[in-house]
Amino acid sequence: MAKFRKLKMAMVGGGPGAFIGDVHRKAARMDGGIEIVAGAFDINPEKSQQMGRELCIAPERTYNDYKSMLKGELALPEQDRVDFISVCTPNNWHFPIARDILQAGFHVMCEKPMTLNVKEAKELKKIVAKSGKVFGLMHNYTGYPMIKLARDMIAKGEFGKIRKVVVQYPQGWLATPLEKTGQQQAAWRTDPKQSGGAGCMGDIGTHCENLAEYVTGLKITEICAELTTFVPGRALDDDGNCILKFDNGAKGLLHASQISVGEENNLAIWVYGEKKGLEWRQEDPNYLKVKVMDGPEQVWKRGNAYVGAKSPAAARATRLPSGHPEAFFEAFANTYCNFTDTIRAVDAGKKPTKLMLDFPNVDDGLRGMLFIETVLASNKSKQKWTSFKK
Ligand code: NAD
């Protein structure tokens, strides 16, 4: 086998006018190790064909739906088939499509939240284990080098015992009933049948939960949550506040909102230990602020040798020298990089390294779904404090 095997990718979703599928495609191709050769790009077969033409995909490998794609790919000689398939559809499709892909024998990269509910998430976890295939989940914010640096600093004990975690994701784009105008992304996100039991908390609250657990290495054990639907007539929450307890005794706050007028993607995290604190902002992601008791605030800057010396994972996730900004696309590319290096190792019968395995997986997906159900249960309850579901 060649040292570096180019992997063949297919996509479900990401049709004309879709948001995240296009980001996946651009990011996956960033390092030259992945080529997109097939797809069932849209729920509407004509639009799937249109996307295939725009992407110069061979007509015989532009499929009208994902089931025909699985059939078509399995009919090809093994060496010509796709290696993995990315699922970039609305949430309600994640489970059936990921399940069928795994059972057809392909690796999967799936968008978050992983499924529509915990029952599906538990079933998917079993299917992944049985398949022996690699399953990646696109919690892209863990793909940022400065987040990996923060995680490694905390894991080395530099902050002391973690006491407090504050994580937020305010957006303002759903402050009006945008879904009533037919706006595609708003329409399915506010529909419980396509989005799941939570709106804002499922869509972006899960990114906060995943980021907090990834950076601190801690697990949330209890949640006290309040969800609100501010926009009249909307079926799902568009704002939520949670108080958190972690398994080491740390306390936290998590808020996610889609009605915070003027906010774009203001995801940010603050972590405070006995010795140091940190702050990272998604809208300024090349810098990690480290706060100390007895000196000025430090700003750690991506791309510098001192970052790589502290965190090999951050160095591996860096392409440009310091001062040339990297951001959203690169974080997706980093997730793809580790995911596909793991596929190459697994397919060659080798054990993936710890660095390769540094991407969100089915366990993170299940945690996300448990988080949603815990928040929903707490929101409805009288006692409010609710144990993190198992
Ligand atoms: P979108 O509405 O822009 O695109 C969805 C696409 O999926 C459309 O092209 C639609 O036709 C297609 N589709 C729907 N059902 C299909 C099916 N059965 N087969 C083939 N194609 C189908 O939605 P979006 O904003 O791109 O979100 C898609 C997913 O990505 C969601 O699960 C969302 O939560 C997630 N997402 C993640 C991030 C992130 O930062 N990781 C950001 C945005 C969206």
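**Asp-65.** I looked up Asp-65 and found it in the loop between α2 (45-54) and α3 (66-74). The model is a predicted one, and I read every entry below with that in mind. Is Asp-65 buried, exposed or partly exposed? With a relative accessible area of 34%, Asp-65 is partly exposed. Next I looked at the side chain of Asp-65: one of its polar atoms lies 3.1 Å from the backbone nitrogen of Lys-67. I also checked Asp-65 against Gly-13, which is 52 residues away along the chain; their C-alpha atoms are 9.5 Å apart.

**Cys-56.** I stayed in the loop between α2 and α3, where Cys-56 is found too. Its phi is near 60°, a positive value in a residue other than glycine. I noted this because most residues other than glycine have a negative phi. Cys-56 has a relative accessible area of 71%, so I wrote it down as exposed.

Cys-56 is in no disulfide, and the nearest cysteine sulfur, in Cys-88, is 19 Å away. I then turned to Cys-208. Its closest cysteine sulfur is in Cys-200, at 8.4 Å, and that is too far for a bond. Cys-208 counts as buried, at 0% relative accessibility.

**Lys-384.** I searched for another positive phi and came to Lys-384, which has a phi of about 65° although it is not a glycine. Lys-384 sits in the loop between α13 (362-380) and β14 (386-387). I put it down as partly exposed, because its relative accessibility is 23%. From the C-alpha atom of Lys-384 to that of Leu-370, 14 residues off along the chain, I have 16 Å.

**Pro-113.** Where does Pro-113 lie? I found it in the loop between β4 (107-110) and α5 (118-131). The peptide bond that joins Lys-112 and Pro-113 is cis, with omega about -15°. I made a note of this because most peptide bonds are trans.

**Helix α6.** I went through α6 (residues 145-155) for burial, and the helix is mostly covered. Ten of its eleven residues are buried. Among them are Met-146, Ile-147, Leu-149 and Ile-154, but also Lys-148, Arg-151 and Asp-152. Just after α6 I came to Gly-157, which takes a positive phi of about 85°.

**The ligand.** I looked for where the ligand sits, and it is in the largest pocket. There are 29 residues around the ligand, and Phe-19, Ile-20, Asn-91, Asn-140 and Gln-185 come nearest.

- For Gly-15, a backbone N or O atom is 3.0 Å from a ligand oxygen.
- For Ile-20, a backbone N or O atom is 2.8 Å from a ligand oxygen.
- For His-94, an N or O atom in the side chain is 2.9 Å from a ligand oxygen.

On its own the ligand has 850 Å² of accessible area, and the protein covers 95% of that.

Conventions
Residues are numbered from 1 along each chain as its sequence is written. This is a predicted model: local features need pLDDT of at least 70, side-chain atom pairs count only at pLDDT 80 or more; totals for chains, interfaces and linings use all residues. Side-chain values use heavy atoms; hydrogens and water are left out. A disulfide is a pair of cysteine sulfur atoms within 2.5 Å. Buried means under 20% relative accessible area, exposed over 50%, partly exposed in between (1.4 Å probe, protein chains only). A residue is near a molecule or strand if one of its heavy atoms lies within 4 Å of it. A polar contact is a pair of N or O atoms within 3.5 Å; within protein, one must be able to donate a hydrogen and the other to accept it, and residues adjacent in sequence count only if both atoms are side-chain atoms. Accessible areas come from the Shrake-Rupley method with a 1.4 Å probe; for residues, only the protein chains shown count as cover. On a 1 Å grid over the protein atoms alone, a cavity is a set of points where a 1.4 Å probe fits but cannot get out, and a pocket is an open set with protein on both sides within 12 Å along at least five of seven lines; lining residues have an atom within 4 Å of a point. A molecule sits in a cavity or pocket if more than half of its atoms lie within 2 Å of its grid points. Helices (H or I, at least four residues) and strands (E, at least two) are DSSP runs, numbered from the N terminus.
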